[in-house]
Amino acid sequence: MTKAVKGTHDLFKESLRCQQAVVSRAREWLEAAGASEIATPVFELTEVFERGVGESTDIVQKEMFTFTDRGNRSLTLRPEGTAGVVRAYIEHGMKVWPQPVRLWYAGPMFRAERPQKGRQRQFHQVGFELLGSASPLADAEAVALSYRILETLGLRDMKLKLGSVGDAEDRRRYNQYLREALSPRQDDLSPDSQRRLSTNPMRILDSKSEDDRQVLKELGIRPMLEFLGPGAREHFEAVKRILGGLGVPFEVDPAIVRGLDYYARTSWEIHHEQLGAQSALGGGGRYDGLAELLGGPPTPGVGWALGIERVCLALEAEGVSPPPERTLDIYIAPLGEGQLELALAAAASLWPEVRAEYALSPRKPGKAIREAEKRGARFVGLLGEEEARAGALTIKDIASGRQQTVPLNRVREWLESGGEL
Ligand code: HAM
């Protein structure tokens, strides 16, 4: 048997309904806040991510699904949504729209990570990007939206960790400090972190390796927050104050590290306490230099993405079920060969207001009722020779057993008005 590729999943019934519920709750909040939906392609020229996400990140170095097309172009399945959205903002001249421009998106993302609970190779995100404002109000708005969406989905055991990765100059100084502090212990670091020591020392802080963690602890490494310059510090203070005013609970994480290179100043993650190793439900931050990296005009921006599978795992852990599927109103059964087409026509005349299924071959009344029950229908509609002649349907309330013959052209109205027998 051929199976779905490792790290990918089929979504149906509850799993799909949960994802749809997350997206519709996000849509509700984001559109209320003035955002329009954008759908960018699932693949882009590889350079969009190399330049956008950053050459030294794990994503670009080892997690991208990259392939060469027939025209010998290097293409990559998007590992995240921000780079593509900023590429689209530049390409379509959104700079001349009234600023800021608020965009939101939902869709599949692809990362060649080792699959485990909460980590897939194809996963889904819903995300928000606010482009064209450098104000701390924009950061606070974005953080608040990400938090409120999760809260109103019903999640409680969440922690919002807020930090700042400073301006480019602050990070340069911090990376230099890390290099100097860690170099004497280079040999005790994991091979990955030894490599990062020259390419991107800040990533070492995010390492899961026990050896690395031990070295960091022994050296008493200072956090990024202590290296913020006056501009980034003032911005961070403002974001915290505004968020406090909005009543969004957060804790400051002095050492927040994100897996993407485009961040500047504010960055945050929302973790769920019952999810184990992959506990980040979502994350985001400000990315003021990104548009320029992608060849566009300087454009400040801030945004976030939620991992929908993880949000669904968290909802399940907290016992919040997805909304139920629309129940079947009526199951229509032809009693003989002569009524087959009429059964379809009767069901079709009820769609889409009424959810109606029909049997594709003749049924005896008893079997039709059992099948209707299995499908969760409230009513069964029996269509025999007599009904066909009279242009009617005998409708039976499965729970009470009561029945009534209703003219076919009145069935919809009858069901919609509650179908009292
Ligand atoms: P990210 O932190 O890389 O940020 O991903 C956001 C969320 O996507 C994570 O917190 C996690 O819930 C989910 N996620 C990431 N990788 C996987 C995976 N392999 N399997 C399942 N879920 C996963 C971004 O992607 C940025 N684009 C967010 C952003 C938008 N920053 C600014 N604007």
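1. With which residue does Arg-51 form a salt bridge? The model under review is predicted, and in it the partner of Arg-51 is Glu-47, with the closest N and O atoms 3.0 Å apart. Both residues belong to helix H2 (residues 46-52), where they are four residues apart, about one turn of the helix. Arg-51 is partly exposed, at a relative accessible area of 39%, and Glu-47 is partly exposed with a relative accessible area of 39%.

2. Lys-367 and Glu-371 form a salt bridge whose closest N and O atoms are 3.6 Å apart. Because they are four residues apart in helix H13, about one helical turn separates them. Lys-367 counts as partly exposed, at 40% relative accessibility, whereas Glu-371 is buried, with a relative accessible area of 13%.

3. Asp-206 and Arg-203 also form a salt bridge, with 3.6 Å between the closest N and O atoms. Here Asp-206 is partly exposed, with a relative accessible area of 29%, while Arg-203 is buried at 7%. The structure holds 34 salt bridges. A network of salt bridges links Lys-13, Glu-14, Arg-17, Glu-325 and Arg-355.

4. The ligand site may be considered next. Of the 26 residues around the ligand, those that come nearest are Glu-80, Glu-113, Glu-129, Tyr-263 and Ala-280. A polar side-chain atom of Glu-129 is 2.8 Å from a ligand nitrogen atom, and a polar backbone atom of Gln-120 lies 2.9 Å from a nitrogen atom of the ligand. An N or O atom in the side chain of Gln-125 is 3.1 Å from a ligand oxygen atom. The protein buries 96% of the 660 Å² that the ligand exposes when taken alone.

5. Which elements give two or more residues to the shell around the ligand? They are strand E6 (122-131), strand E10 (280-286) and strand E11 (301-307). E10 gives the most, with six residues. By class, the shell comprises nine nonpolar, 10 polar and seven charged residues.

6. Ser-164 lies in strand E7 (residues 158-164) and counts as buried, at 1% relative accessibility. A polar atom of its side chain is 3.1 Å from the backbone nitrogen of Gly-166. The side chain of Ser-164 also reaches the backbone oxygen of Arg-265, at 3.4 Å.

7. On the surface, Val-42, Phe-43 and Phe-67 form a nonpolar patch with about 240 Å² of accessible area together. Val-42 is placed in the loop between strand E1 (36-37) and strand E2 (43-45), and is partly exposed at 31% relative accessible area.

Key:
Residues numbered from 1 in each chain as written. Predicted model: local features only at pLDDT ≥ 70, side-chain atom pairs only at ≥ 80, totals over all residues. Heavy atoms only, no water. Patch = residues over 30% accessible without salt bridge, like charges linked within 9 Å, V, L, I, M, F, W, Y side chains within 5 Å. Areas by Shrake-Rupley, 256 points an atom, 1.4 Å probe, with all protein chains shown as cover. Salt bridge = Lys/Arg side-chain N within 4 Å of Asp/Glu carboxyl O. Buried < 20%, exposed > 50% of the residue type's maximum accessible area, 1.4 Å probe, protein only. Near = heavy atom within 4 Å. Polar contact = N/O pair within 3.5 Å; in protein donor to acceptor, adjacent residues only side chain to side chain. Nonpolar A, V, L, I, M, F, W, Y, C, P; charged D, E, K, R; others polar.
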